[in-house]
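Hi there,

Here is the structure I promised to pass on.

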Amino acid sequence: WRDKLFGGLKRTSEKLGTNLTSVFTKAALDEQTLDEIEEALIVSDLGPAMALRIRDRLAEGKFNKVLTEEYIREIIAEEIEKVLTPVARPLEFRAARPQVILVIGVNGSGKTTTIAKLAKRFQEQGRSVMLAAGDTFRAAAIGQLKVWAERIGVPIVAGKEGGDAAGLAFEAVRQATEQNIDILIVDTAGRLQNRSELMDELAKIRRVLGRLDPASPHDVVLVLDATTGNNALSQIEVFKEVAQVTGLVMTKLDGTARGGMLVAAAEKYGLPIHAIGVGETIDDLRPFDPADMAKAIAG
Ligand code: GDP
């Protein structure tokens, strides 16, 4: 899977290399070269703050010394790792029973697949899991989640298309409590097109869950497609506003992922990154490893 991650981020590291080409051929590090490096890092989506930090690092005592591509990439990787390390945090198991994990994100981000992957992982860790098909707007989403539930052998609470998502979440908690389930994962609709409806719906789900347990939902996990770059960044903004996001899962890091976005997201929002998706199968969910990620991005 590490190959998949490094393969997925190849475009990011190559683009960084292309942007830095003129620098790599220079022998010494002067002000002008530092400017060029900073610009190259900014256009590689790493964000201005990160670009400036790397510039400062390189400037430290390195003037008039030979600068190798390897050394520059090493410094970039080190700085990226520093930003990613504090946000690398797996989902915690909580004492609450059931622990309710609300999963949010736009359609197509990989929400359904991620729910199945998480469920399988929790099962492997000895937890009992139940799913709730709360994306009641898409019949396909309900159907797909049912297929996953059957495949991994976990119970699922599902209603009809167009049903009330908050009512379904309430029923799911009731059943999970009755069956002594450890973790309940609730899917939600991801229609960003109608922000006020989405906001109302998520608020209603929260209200209903909170009535059963004031701390519920215990986790609100936003699923983001890493291939969408800055689009994913603006999704964080929107979802932070409509739901109280507690953490992220980044998907499709095996694809043509835009790694710079991940760094910019970590820097700007500081939200925990619980795991990453590196493929379409059930076992393609991995812990978020800052050192690996930094190396994959820096190349
Ligand atoms: P949803 O609409 O957000 O529920 O998204 P789905 O879970 O249906 O996923 C949308 C598409 O992305 C499907 O074809 C998935 O197989 C695919 N997908 C999900 N996660 C990943 C991942 O980590 N890597 C790759 N390559 N594809 C993924």
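This is a predicted model: local features need pLDDT of at least 70, side-chain atom pairs count only at pLDDT 80 or more; totals for chains, interfaces and linings use all residues.

Residues are numbered from 1 along each chain as its sequence is written, and side-chain values use heavy atoms, with hydrogens and water left out.

**The ligand**

There are 18 residues around the ligand, and Gly108, Thr112, Thr113, Asp254 and Glu280 come nearest (a residue is near if one of its heavy atoms lies within 4 Å). By class, this shell has ten polar, six charged and two nonpolar residues. Here Ala, Val, Leu, Ile, Met, Phe, Trp, Tyr, Cys and Pro count as nonpolar, Asp, Glu, Lys and Arg as charged, and the others, Gly among them, as polar. Helix 6 (residues 111-124) gives the largest share of the shell, four residues; helices are DSSP runs of H or I with at least four residues, strands are E runs of at least two, and both are numbered from the N terminus.

Oxygen atoms of the ligand lie 2.6 Å from a polar backbone atom of Gly108, 3.0 Å from one of Lys252 and 3.5 Å from a polar side-chain atom of Lys117. On its own the ligand has 580 Å² of accessible area, of which the protein covers 80% (Shrake-Rupley method, 1.4 Å probe).

**Helix 7**

In helix 7 (residues 139-152), Ala141, Ile142, Leu145, Trp148, Ala149 and Ile152 are buried. Buried means under 20% relative accessible area, exposed over 50%, and partly exposed in between (1.4 Å probe, protein chains only). Seen down the helix axis, the buried residues fall within an arc of 125°, so they line one face of helix 7; the arc is taken from the directions from the axis to the C-beta atoms. Ala140, Glu150 and Arg151 are exposed on the other side of helix 7.

**Two single residues**

Asp187 is part of strand 4 (residues 183-187) and is buried, at 1% relative accessible area. Its side chain makes a polar contact of 3.2 Å with that of Lys111 (a pair of N or O atoms within 3.5 Å; within protein, one must be able to donate a hydrogen and the other to accept it, and residues adjacent in sequence count only if both atoms are side-chain atoms).

Asn230, in helix 10 (residues 230-242), is partly exposed at 49% relative accessibility.

Best wishes
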